[in-house]
Amino acid sequence: RVRTRVLTLMLNNISAERLGEQVDRILLKHTVNMLVELGVQGKNIYAECFEDQFLDATRKFYQDESAQYISQNTCSDYLKKAEMRIREEKARVQNYMHESTMSKIQELCDEEWIMAHYKTLIHLENSGCRWMFAHDKVQDLERMYR
């Protein structure tokens, strides 16, 4: 019961931060550290009780946001948004997650922001990769391949 409550509060705070709200990062950092230190008999409490659900919630959040954003914006704007969100997630890990989460969050963001939409990014009318090549949009092309 306590575990469920702590997990819910942590995930709600992270979700609120993604939506622009201020959260207590120090409290989140201390809670993460507690979960890491609670590991007993080879059981990784952080990974099993928090990280997996955090990654699932993150994937769902970015699946929804990226699908909505790509349907309403140009390729260039979409790539700027993706770049910003990836930076935010990396900063979130650096600020209060365990370092083992970094590679997982990077892979997740790449999958949800880039791989899930790569065909659309290439063929998007009047702004996709083909259009960028034809109109010498070098900065946007660089952004696409970072």
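The protein exposes about 9100 Å², of which carbon and sulfur atoms supply 51%, with accessible areas taken from the Shrake-Rupley method with a 1.4 Å probe and, for residues, only the protein chains shown counting as cover. This is a predicted model, in which local features need pLDDT of at least 70 and side-chain atom pairs count only at pLDDT 80 or more, while totals for chains, interfaces and linings use all residues. Residues are numbered from 1 along each chain as its sequence is written, and side-chain values use heavy atoms, with hydrogens and water left out.

The secondary structure comes to 8 helices and 0 strands, where helices (H or I, at least four residues) and strands (E, at least two) are DSSP runs numbered from the N terminus. Of the 146 residues, 38% count as buried, meaning under 20% relative accessible area with a 1.4 Å probe, protein chains only.

| Residue | Residues in contact |
|---|---|
| Met-97 | Ile-14, Lys-29, Val-32, Tyr-46, Phe-50, Phe-54, Arg-92 |
| Lys-81 | Glu-65, Tyr-69, Trp-113 |

Lys-81, which is found in helix α4, is buried yet has no salt bridge, the nearest side chain of opposite charge, Glu-65, being 4.1 Å away; a salt bridge needs a side-chain nitrogen of Lys or Arg within 4 Å of a carboxyl oxygen of Asp or Glu.

Note on methods: Buried means under 20% relative accessible area, exposed over 50%, partly exposed in between (1.4 Å probe, protein chains only). Contact means heavy atoms within 4.5 Å. Lys and Arg count as positive and Asp and Glu as negative; His and the chain ends are not counted. Lists of a residue's contacts leave out its neighbours within four places in sequence.
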